[in-house]
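Thanks for passing this one along. Here are my notes as numbered points, to be read with the model open beside them.

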Amino acid sequence: MEKRNGVHINIKDLTHRYTAKSPITFEKVNIEADPGEALVIIGRSGCGKSTLLHILAGLLEKSSGIVRLDEKDVTEPSSHWIMMFQAPHLFPWMTVEQNVGTGLRFAHWPEKKMKKRIAEVINLVGLDEYAKNNTQDLSGGQQQRVALARSLVMEPDLLLLDEPFSALDAFTRATLQKDVRAISKQLEFNLVMVTHDIDEAVIMADRALVMAGSPGKIVHDFKVDLDDPRERQDPKVQAMRASLMEIFHHAAGVSADDSNMEGDDANQSDIELAGN
Ligand SMILES: Nc1ncnc2c1ncn2[C@@H]1O[C@H](COP(=O)(O)OP(=O)(O)OP(=O)(O)O)[C@@H](O)[C@H]1O
Ligand SMILES: [Mg+2]
């Protein structure tokens, strides 16, 4: 597949409230990112992370402020910026190939070119031997790989991920974290991802942004300066994790009124966040 160069992300004074009567979700959020950079947003439940991602994806209208990707205002969904959700939302009766090709078929790609592209992307996400299988016969992790391939086939400049691996078991989750980061670096597109999981942030981010408060704000912008590939047991990774955890706890202390973080019993780092 062709390399992309990603986009320059410019979010300035972004403020949102759902209705005139609802409280302000977040206010004056400022984020800049370089082409190809991977940002991970962490923060307690309800501080506005998903709302922010939906605005970035052009799925939700902002109240005020600037959201620009390479000087282009984001006002609607586009194949250049694609959102992946926690549930893969595949067509269960279709094969992996057919699911992955949906966007290309919509765009009326010529058959031969389309087949080639689909095969490349399926290979990229490691699903070669499942290409002809119906997606309903795949595991949760494999289905999420199909959803990833379906996003990548459109060659996005920016991939937005809202807790995409939280329904998966720890092992599957860990491999997908590494693979998604590796693919984003190989194809040089930007990632903006939301997670509750500090480990995930350390494995996947170039920068971790901590969001807190009500209305929400970005309270920390933390450079995750680690070489690739990142191994969980590496002392440098462990040290980074400890620093980020401390920052997160500090941020939570700053916004003491915001105590509704949900815990997920299956996940160690979620528990540590929740236990604050
Ligand atoms: N469609 C909506 N209409 C009105 N208020 C909403 C809507 N969606 C979300 N909210 C409110 O906006 C706030 C931010 O919600 P959001 O889903 O962005 O939080 P979040 O940080 O993603 O939380 P979580 O970690 O639980 O996913 C919450 O108080 C929520 O109740
Ligand atoms: Mg959310």
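1. Does Lys28 count as buried, exposed or partly exposed, and why? This is a predicted model, and in it Lys28 counts as partly exposed because 14 C-beta neighbours lie inside 10 Å. A residue would need 20 or more such neighbours to be buried, and 12 or fewer to be exposed.

2. Please also look at the backbone of Lys28. Its phi is near 45°, a positive value in a residue other than glycine. Lys28 sits within a strand, S2, which covers residues 24-33.

3. Glu188 deserves a look as well. Here phi is near 65°, again positive in a residue other than glycine. Glu188 belongs to the loop that runs between helix H5 (170-187) and strand S8 (190-195). It counts as partly exposed, because it has 14 C-beta neighbours inside 10 Å.

4. Two cis peptide bonds are worth checking by eye. One joins Ser214 and Pro215, with omega about 0°. Pro215 is in the loop between strand S9 (207-212) and strand S10 (217-223). Another cis peptide bond links Asp228 to Pro229, and its omega is about -10°. Pro229 is placed in the loop that connects S10 with helix H7 (235-254).

5. Now to the ligand site. Which residues are around ligand 1? They are Tyr18, Ser22, Thr25, Gly43, Ser45, Gly46, Cys47, Gly48, Lys49, Ser50 and Thr51. Helix H1 (residues 49-56) gives the largest share of this shell, with 3 residues. Sorted by class, the shell around ligand 1 holds 8 polar, 2 nonpolar and 1 charged residues.

6. My last point concerns a helix pair. Two packed helices are described by the angle between their axes and the distance between the axes. For helix H2 (residues 96-106) and helix H4 (residues 140-152), the angle is about 35° and the axes are 7 Å apart. H2 and H4 cross in a right-handed sense.

7. Which residues meet where H2 packs on H4? From H2 come Val96, Asn99, Val100, Thr102 and Gly103, and from H4 come Val146, Ala149 and Arg150. By class, this contact of H2 with H4 has 4 nonpolar, 3 polar and 1 charged residues.

Terms used: Residues are numbered from 1 along each chain as its sequence is written. Chains are lettered from A and ligands numbered from 1 in the order in which they are written. This is a predicted model: local features need pLDDT of at least 70, side-chain atom pairs count only at pLDDT 80 or more; totals for chains, interfaces and linings use all residues. Helices (H or I, at least four residues) and strands (E, at least two) are DSSP runs, numbered from the N terminus. A residue is near a molecule or strand if its C-beta atom, placed from the backbone, lies within 6 Å of it. Ala, Val, Leu, Ile, Met, Phe, Trp, Tyr, Cys and Pro count as nonpolar, Asp, Glu, Lys and Arg as charged, and the others, Gly among them, as polar. Axes are lines fitted to C-alpha atoms, for helices over the stretch in contact, and angles run from 0 to 180 degrees between N-to-C directions. A crossing is left-handed if the near helix is turned anticlockwise from the far one by less than a right angle, and right-handed if clockwise. Two residues are in contact if their C-beta atoms, placed from the backbone, lie within 7 Å.
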